Number of protein chains: 2
Amino acid sequence: MIYLKVEIKVGLKEGITDPEGLNIKKSLKLLSFDNVENVEVKRSYVIEISGKDEKKIREDVDMMCKKLLINPVIHDYEVEMIK
Amino acid sequence: MIYLKVEIKVGLKEGITDPEGLNIKKSLKLLSFDNVENVEVKRSYVIEISGKDEKKIREDVDMMCKKLLINPVIHDYEVEMIK
């Protein structure tokens, strides 16, 4: 049995408009940050999880993403084992 | 003049309750993921920005965080230069 900290980073797929990013860019321009070209917003879930081994944990994490955390139509995700 | 991609990762300070993380943990338990010990939710802003040099860009990014992106009472943030 091992314990791991896993980071799941969720962003929008290429070609999907990111209204939040666009609004933040606009607000930064209003605050005179004219050197900002683009803003993308992502969410991360840092999960502490236990399991038989790293492979099993990775499978569980993929299942969590599919069942709860992401919408496969618009989201891409990356999983990183932190420790 | 250089262009950089910068990631700003915003999370809650230690000791601040993360209701979203707690709810996700609860939902994962309901989906039978009983091996989840803790869930933390963070936000990332990936910003493409230009500037005189890395130092100036870093200063601009800190200023953006203070003026718009974070609430210093509850948030901690890290800045990472991606490329």
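Helices (H or I, at least four residues) and strands (E, at least two) are DSSP runs, numbered from the N terminus. This is a predicted model, in which local features need pLDDT of at least 70, side-chain atom pairs count only at pLDDT 80 or more, and totals for chains, interfaces and linings use all residues. Residues are numbered from 1 along each chain as its sequence is written, chains are lettered from A in the order in which they are written, and side-chain values use heavy atoms, leaving out hydrogens and water.

**View 1. The axis between the two chains.**

**View 2. A patch of negative charge.** On the surface you will find A:E14, A:D76, A:E78 and A:E80 gathered with B:E14, B:D76, B:E78 and B:E80. Patch residues have over 30% relative accessible area (Shrake-Rupley method, 1.4 Å probe) and no salt bridge, with like charges joined within 9 Å. Strand 3 (75-81) of chain A and strand 3 (75-81) of chain B each supply at least two residues of this patch.

**View 3. A salt bridge from B:E7 to A:K9.** The closest N and O atoms of this pair are 3.1 Å apart; a salt bridge is a side-chain nitrogen of Lys or Arg within 4 Å of a carboxyl oxygen of Asp or Glu. The pair joins two chains, because B:E7 lies in strand 1 (residues 2-12) of chain B and A:K9 in strand 1 (residues 2-12) of chain A.

How values were computed:
Patches are made of residues with over 30% relative accessible area and no salt bridge: like charges are joined within 9 Å, nonpolar side chains (Val, Leu, Ile, Met, Phe, Trp, Tyr) within 5 Å. Lys and Arg count as positive and Asp and Glu as negative; His and the chain ends are not counted. The place of a charge is taken as NZ of Lys, CZ of Arg, CG of Asp or CD of Glu.
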